[in-house]
Amino acid sequence: MPTTICRLYDAYADANRVILLLEVSGVPLSDTSLISNNCDAWYRGPARPNVVPLRRQRESSDSGTRIESTAIGATAATAGLITILAVLGVGPVVGAGWLATMLSSIAIGGVTGGLLGALTNAGINEVDAQVFVEVVRRGGTLVATRVPQEDVPRIGALMIRGAVNLAERSELYREAGRLAFDPNAPPYAADQVRCERALHAR
């Protein structure tokens, strides 16, 4: 049975590099997934939740910067889909791969749990999943991949490059008085996300 490995990245570019590393390392594209906060509209897809085909596409951000969505193109290649969803407590996200499909099914089916539920259903313990969702809420990008147990050390080492230190981030949130992800909290606005990303910029 495959093991799910999840890592968080404050910068989309770091998540992009890791997905390309996974592909080069032999992880099937169908086993890799990406969920990225899109409240600042860095990816401009359909205005409503929808799915659109994409391999590799360039999009303009609000600042006019050209962003190549290679990671999304890579993870969407097998399924041929990018999903744009409004996630309860998180806001708009762009996703590709199996986790995005699971999240889309939860949203369409009206099942409670959102991203937190999708992660726990994928085998992530709830304590870690709470931090994963909170970081995405604040502008981060989540990369998840499914690998055989014997590949966990090798793939885990690849995915740690540029990743958020989960223990440190969890402690930071606790010190600020946030003990768990709150699905009823308002999603971060674009300016809040930009401030959060700047706070953690390397």
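Visitor: Which residues of α1 are buried?

Guide: Those are Y12, D14, A15, N16, V18, I19 and L22. Keep in mind that we're looking at a predicted model. Buried stands for a relative accessible area under 20%.

Visitor: What is the expected reach of α1, and what does it actually reach?

Guide: Helix α1 covers residues 12-24, which is 13 residues. From first C-alpha to last, α1 reaches 19 Å, close to the 18 Å expected at 1.5 Å a residue. After α1 comes G26, with a positive phi near 95 degrees.

Visitor: And how does α5 do on that test, what does it reach?

Guide: Helix α5, residues 126-137, has 12 residues. Its first and last C-alpha atoms lie 16 Å apart, close to the expected 16 Å.

Visitor: What makes α5 "mostly covered"?

Guide: Nine of its 12 residues are buried.

Visitor: Why is α4 called oblique to α5?

Guide: Helix α4, residues 114-121, packs against α5 at an angle of about 140 degrees, with the axes 9 Å apart. Roughly antiparallel would take an angle over 145 degrees and roughly perpendicular 65 to 115, so α4 counts as oblique to α5. The crossing of α4 past α5 is right-handed.

Visitor: Which residues do α4 and α5 use to meet?

Guide: From α4 come L115, L116, L119 and T120. On the α5 side they meet E126, A129, Q130, F132, V133 and V136.

Visitor: Why is G140 called buried?

Guide: Its relative accessible area is 1%, and the cut-off is under 20%, so G140 counts as buried. You'll find G140 in the loop between α5 and β8.

Visitor: What does G140 touch, leaving out residues up to four places away in sequence?

Guide: Its contacts are Y9, D10, I35, S36, N37 and V135. There's also R197, 57 residues from G140 in sequence, with the two C-alpha atoms 7.7 Å apart in space.

How values were computed:
Residues are numbered from 1 along each chain as its sequence is written. This is a predicted model: local features need pLDDT of at least 70, side-chain atom pairs count only at pLDDT 80 or more; totals for chains, interfaces and linings use all residues. Side-chain values use heavy atoms; hydrogens and water are left out. Helices (H or I, at least four residues) and strands (E, at least two) are DSSP runs, numbered from the N terminus. The expected span of a helix is 1.5 Å times one less than its number of residues. Buried means under 20% relative accessible area, exposed over 50%, partly exposed in between (1.4 Å probe, protein chains only). Axes are lines fitted to C-alpha atoms, for helices over the stretch in contact, and angles run from 0 to 180 degrees between N-to-C directions. Angles under 35 degrees count as roughly parallel, over 145 as roughly antiparallel, 65 to 115 as roughly perpendicular and the rest as oblique. A crossing is left-handed if the near helix is turned anticlockwise from the far one by less than a right angle, and right-handed if clockwise. Contact means heavy atoms within 4.5 Å.
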